[in-house]
Amino acid sequence: MDLFYLLLALGFFALSAALVPAFEKLRRRQ
Amino acid sequence: MSNAWMQFGLYALVLTALAWPLGRYMARVFAGDAPRFVGWLRPLERGIYRLGGVREDENMGWQRYALACLLFNLVGLLAVYALARLQGVLPLNPADMAGTTPDLAFNTAISFASNTNWQSYGGETTMSYLTQMLGLTVQNFVSAAVGMAVLVALLRGFVLREARGIGNFWVDMVRSVLYVLLPLSLLLAVTLVGQGVVQSFSPYHETQLVQPVEISQPKLDANDQPMTDASGAPVTEQVMVTTQTLAVGPAASQIAIKQLGTNGGGFFNANSAHPFENPTPLSNFLEVLAILLIPAALCFTAGAMLKDARQGRALFAAMAVVFVALLAVCHLAEQAGNPLFAKLGLDVQASELQAGGNMEGKETRFGIANSALWAVATTAASNGSVNAMHDSFTPLGGLVPMWLMQLGEVIFGGAGSGLYGMIVFALMAVFVAGLMIGRTPEYLGKKIEAFEMKMVAVAVLVPCLTVLTGTALAVVLDAGRAGIANPGAHGFSEILYAVSSAGNNNGSAFAGLSANTPFYNLLLGFAMLLSRFWLIVPVLAIAGSLAAKQRVPESAGTLPTHTPLFVVLLIGTVVVVGALSFLPALALGPIVEHLQMWATR
């Protein structure tokens, strides 16, 4: 179970980190 | 009644008097120009940078700033998770607490790393001293500091011109902790100890009751399961209780930062209703003052950093107006009490001998005024500590704290997060005003364009979507409905409150909901993650975008953002978004409860 919850947390932060370059790309397009 | 308003007036006066100098002080700290009386902390600050390999002069772009922030929070979350799981084999555990379940550790780690401090557990029956100190208290400090750092980065976005960087995350965070949170917490903790708040490493005390009590409890079989008779009814036995366990621990040091850092997680389950957390009227006043002190002061920090004190005062005024209005509603609703009591012949009038009104779930030590003030302050700020049980408030009295959270925790809000949330609403307000007059919106000398508005939309919609979707899931799934203690409209309110609390990083509980289940620990855990970090990333993106822009000179067409007109526009924007998003849900919970109560009068 520990692995399940740790993977959930890591997955969320990986997704959040992926937002950063995605938003930057959006900004540059402005 | 007039006594209550005098107390509210005193609170507002002391809060404003302290917030102004503290705000100016923080502006100097964040500019790297800390006053001389804290100069002795400078070598310590440099030492921390050397130890952490931080280059103080490094100016981070918004992407690097955001990634550092995310990484730091992930590490903190994992540390709390490990401590909660392993506390059974770690030191400083005199009550022999076992490691928590994985879902509770997951929920708690997210809760404290995200500055929410939702607690699915009772502190004194679940957490060891080590977990409370090294896990929860440390996160209380650093999660508040993260919010303050993000705010400072956003403010720099307005100040800087054609800049690539928005500051250094590590430096902003270290300065928040070292120069602001630690000294204030030390001062408050020592004062609270003087008032009788416990601060001890000794094991829990077993004391003899002055008056033994006889209680009826379920009889257990050899496997510790409740026994039933032939008809299936539970078998009970009479037991004479002669002793009581008094939980103690290093509480004062945690309570000080839990209030100042807008965290709110209690050392004990009853939070600040517990006499060891909040023993006297003075401790109550100081603790409720500490809730709003830093968020209020940050408005003045903003004014100083923007080199336009009027802007900070306008933001403060907008927050204060909403706060006072909702405090009045909550207090009047609680003082009016339940009309059904009159039918039973109960005297609910306030007098010299009783507080009157609705005293259910409230401490007689604090009465209605101080319970209402705390409830409004703790939900206006994203604090979440309680000194009364919100589940027992009247429907309207309970609606106020719930709606304050749903407004997005921008009425003072969390340390840093409240003001950056309010600035997001200010951007929306200038955008709406720009649409009305047909000009490109500007705020604080920067043009607000499509990218900023997209980020504003993300920041405003994420908490609304999280709360409404989470509530909907909880009421349609068996696992969600299983936690309801009071079926009907009140049960819906319990769920809506819990998800609103987690989905806006508040952490207070309506109570009455059994939330320590894998379903709620997971649901509320994700609500806390989304509403914290999916706001921080777009806010930092706005900071980066604004910093890269040239300043726009003020012209005749510029909407002044320091005037009463703008304050009204800002309040209108916050209230309309909150009302449009949540009125239908509130109508199913507290509003219908209110109508039911008065209809059956």
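What we are looking at is a predicted model, and I will begin with one residue in it, N505(B), which is found in the loop between helix 17 (489–502) and helix 18 of chain B. N505(B) has a positive phi of about 60 degrees, although it is not a glycine, and with a relative accessible area of 8% this residue is buried.

A second residue can be described in the same terms, namely L444(B), which sits in the loop between strand 3 (442–443) and strand 4 (446–447) of chain B. L444(B) is not a glycine either, and yet its phi is positive, at about 55 degrees; its relative accessible area is 13%, so it counts as buried, the cut-off being under 20%.

Let me move on to where the two chains meet. Chain B brings 34 residues to the contact and chain A brings 20 residues, and the area buried between them is about 2400 Å², with carbon and sulfur atoms giving 79% of it. There is one salt bridge between chain B and chain A, and it joins D2(A) to R85(B), whose closest N and O atoms are 2.7 Å apart.

On the side of chain B that touches chain A, helix 3 (62–86), helix 4 (102–113), helix 15 (450–476) and helix 18 (518–547) each supply at least two residues. Which helix of chain B gives the largest share of that side? That is helix 18, with 12 residues. Sorted by class, this side of chain B has 24 nonpolar, four polar and six charged residues.

Note on methods: Residues are numbered from 1 along each chain as its sequence is written. Chains are lettered from A and ligands numbered from 1 in the order in which they are written. This is a predicted model: local features need pLDDT of at least 70, side-chain atom pairs count only at pLDDT 80 or more; totals for chains, interfaces and linings use all residues. Side-chain values use heavy atoms; hydrogens and water are left out. Contact means heavy atoms within 4.5 Å. Buried area is the accessible area (1.4 Å probe) that two parts lose on being put together, summed over both. A salt bridge is a side-chain nitrogen of Lys or Arg within 4 Å of a carboxyl oxygen of Asp or Glu. Helices (H or I, at least four residues) and strands (E, at least two) are DSSP runs, numbered from the N terminus. Ala, Val, Leu, Ile, Met, Phe, Trp, Tyr, Cys and Pro count as nonpolar, Asp, Glu, Lys and Arg as charged, and the others, Gly among them, as polar. Buried means under 20% relative accessible area, exposed over 50%, partly exposed in between (1.4 Å probe, protein chains only).
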